Amino acid sequence: MKIAIASGKGGTGKSTVAANLACTLSRSREVVLVDCDVEEPNLHLFFPATTVDVPVTTPVPEIDPARCTLCGECGKFCRFGALSVLKDRVLVFPELCHSCGGCSLVCPQGAVREVPRTVGRVACSRPLPALVLISGVLNEGEVQAPAVIRAAKLLAEGHPLTLYDASPGIACPVIETLEGSDACILVTESTPFGLHDLRLAAEVVERVGIPAGVVINRSDGKDEETLDFCRERGLPVIMTIPFSREIAAVQNRGGLIAALLPGWEERFVALFEAVVKIAGVSP
Amino acid sequence: MIVGITARAAGTDAPVEQRFGRAPYFVFVDTETGKAESIENPLVDAAGGVGPRAVQMFSEHGATVVITGQVGGNAAKALEVGGIKAYAYRGSGSVADALAQYTAGNLQPLPLA
């Protein structure tokens with residue numbers, strides 16, 4: 001079973017929910033937690049451990065000058081400006097390349113070869129006896145987050161229970177993370193901003209076709225608007241985490257409330273049971 | 001010699017555009033014959049990577065000199081490798097004025113490397 005944790009808005013508590021859920025579930029079974037927020041992965045802060053790193057590469061063009069006739073087809077084709085066909089050579093800008101492979105298809109001379117280029121890495125560790133953490137890390141200045149997310153998810157394949165912690169937003173990296181998930185936990189907070197972005201995220205999971213439930217974090221007890229929205233959209237509210245100094249204190253020192261505060265492990269077990277129900281598949 | 005100038009409209013009376021890759025028009029002037037050719041820039045609304053693609057257009061039109069306001073890093077690299085010199089025109093005059101300033105030796109080269 002694969003569960004994605006997303007939110008739209010940043011800072012609502014996706015990683016908090018993912019980390020606590022993973023920790024709780026690992027007491028009774030093998031769990032893989034995948035940090036798909038590859039631009040700023042931080043689940044490892046909850047689970048410090050030694051990692052084994054696997055580089056992530058993506059294909060970029062290399063021009064064979066012996067075959068190239070400078071016809072210009074590749075440069076005309078590339079909408080990202082990764083190839084400039086000049087008077088006496090083709091200039092490649094690998095960091096502008098989106099690895100579509102089109103240049104090698106349109107080249108009439110077979111002069112374009114694809115070579116791997118490292119854009120990030122996947123860091124694997126086992127911080128708890130039954131928990132494997134797989135963190136995608138996109139190199140600074142790179143744009144191909146989905147390639148690193150794909151690699152991280154691929155390394156988690158084959159495990160019976162996987163949690164995907166998504167990045168904020170609702171663009172390509174989030175879609176890549178949601179792809180193939182059985183259910184999604186949407187984490188929101190009791191603010192107009194949280195609700196605004198929950199609307200967007202709910203629309204995305206609906207379009208991708210993934211059943212979802214909502215966790216309201218830092219609740220001040222006045223969640224009527226969010227509850228109304230969830231009712232309207234048929235989204236079950238499967239957990240409410242109160243706005244509390246005690247929780248914040250644990251969280252702020254990188255601790256897990258499921259492990260350190262009484263009652264929370266049981267609540268995360270209940271959260272998992274609710275998600276299983278939403279997904280309609282056997283865990 | 002062909003000089004390419006970034007412009008806001010077609011023709012040598014058009015004002016010079018300060019942006020390089022997203023200039024609405026490129027005006028190519030043959031300094032021997034005085035003939036000018038204006039090309040509408042298809043990259044104005046492109047998502048990204050416009051600099052190198054604009055350089056490719058200048059190269060295709062045989063330009064060896066570019067007059068514009070400023071160029072970005074990728075465009076600068078492509079201009080340098082392509083052997084195209086770039087000069088800065090920061091005034092608000094026309095394409096014809098920029099060309100006259102260049103011919104008179106009043107324009108500073110843009111640093112490319």
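Of the 113 residues of chain B, 39% count as buried (20 or more other C-beta atoms within 10 Å of a residue's own, with C-beta atoms placed from the backbone). This is a predicted model, where local features need pLDDT of at least 70, side-chain atom pairs count only at pLDDT 80 or more, and totals for chains, interfaces and linings use all residues. Residues are numbered from 1 along each chain as its sequence is written, while chains are lettered from A in the order in which they are written.

**View 1. Chain B overall.** Here we have 3 helices and 6 strands, taken as DSSP runs (H or I, at least four residues, for helices; E, at least two, for strands) numbered from the N terminus. Along the sequence they go β-β-β-α-β-α-β-α-β.

View 2. Strands β2(B) (25-30) and β3(B) (36-40) run antiparallel over 5 bridges; pairing takes at least two DSSP bridges between strands. Val27(B) sits opposite Ser38(B). Between the strands are 5 residues, and in this hairpin Gly34(B) has a positive phi near 80°.

**View 3. The open sheet of chain A.** Nine strands line up as β3-β6-β7-β2-β8-β1-β9-β10-β11, with mixed pairing. At the edges are β3(A) (52-63) and β11(A) (237-242), each pairing on one side only.

**View 4. Parallel neighbours in chain A.** Strand β1(A) (2-6) pairs with β9(A) (183-189) in the parallel sense over 4 bridges. Ala6(A) has Leu186(A) as its bridge partner in β9(A).

How values were computed. A residue is buried if 20 or more other C-beta atoms lie within 10 Å of its own, exposed if 12 or fewer, and partly exposed in between; C-beta atoms are placed from the backbone.
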